[in-house]
Amino acid sequence: MLGTVLEKAPFGLSSIQLFGVRALGIIGMLLCPFAGNLFGKWGTLPTLRIGLTLAIVGLASMGLVQQLSSYMLMSVVFVGGISLVVPAIISLVGEIGSRNRAIATSMYTFVLFAGAGVSPLATTRLLKTGIASLPFLTFAVMMGLGLITAMFIKVPGTNDAL
């Protein structure tokens, strides 16, 4: 999605420049190794919610502020948020699934791969509208729904509150 937007006018970035912008997002992945420490400090659910919030802010900002510097900075924020969300979800699936952990993990994996399969199709459709911000904002809204849902998750035996 980001590459498609940045390769067209007014940005017109080359494939090497696009690689550089994408590579910059890797900085956000530096949060991933610290996710476990954050779970211990804040709790898994609050970390999930913070990660979702960061991802939403990153996507929404890319949709609203269409400047190259914003795309670069907000891709780091978005990737950072996702770097917290993924380990938090995996941890929660294990915690909440308890004895049914295998089934819960299978369901999580199914949903993950279904989303990974459908999202490129949705992105292509949204980009065909000619509104560059639409895919970013649509996915930000979808993540917002995920954040709202995460507010209602209860983990047995914990007092996770944000």
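Keep in mind that the model is predicted. It holds two aromatic pairs, and these ring pairs link Phe11, Tyr71 and Phe136 into a cluster.

- Phenylalanine 11 and tyrosine 71 pair up edge-to-face, with 5.6 Å centre to centre and 80° between the planes.
- Phenylalanine 11 sits in the loop between helix H1 (2-7) and helix H2 (15-24), while tyrosine 71 belongs to helix H5 (residues 68-97), so this pair ties together parts that are 60 residues apart in sequence.
- Tyrosine 71, with 1% relative accessibility, counts as buried.

**The second ring pair: Tyr71 and Phe136**

- Tyrosine 71 also forms an aromatic pair with phenylalanine 136; this one is tilted, with 5.8 Å centre to centre and 40° between the planes.
- Which parts of the chain does this pair tie together? Tyrosine 71 lies in helix H5 and phenylalanine 136 in helix H7 (residues 133-150), so the pair joins parts that are 65 residues apart in sequence.
- Both tyrosine 71 and phenylalanine 136 are buried.

**Around alanine 35**

- Alanine 35 is part of helix H3, which covers residues 35-42.
- This alanine 35 is tucked away as a buried residue, with a relative accessible area of 1%.
- What does alanine 35 touch, once its neighbours within four places in sequence are left aside? Its contacts are Ser83, Leu84 and Pro87.
- Alanine 35 and threonine 47 are 12 residues apart in sequence, and their C-alpha atoms are 7.8 Å apart in space.

- Methionine 151 has a relative accessible area of 41%, so it counts as partly exposed.

Terms used
Residues numbered from 1 in each chain as written. Predicted model: local features only at pLDDT ≥ 70, side-chain atom pairs only at ≥ 80, totals over all residues. Heavy atoms only, no water. Phe/Tyr/Trp six-rings, centres within 6.5 Å; stacked < 30°, edge-to-face > 60°. Helix = DSSP H or I, 4+ residues; strand = E, 2+ residues; numbered from the N terminus. Buried < 20%, exposed > 50% of the residue type's maximum accessible area, 1.4 Å probe, protein only. Contact = heavy atoms within 4.5 Å.
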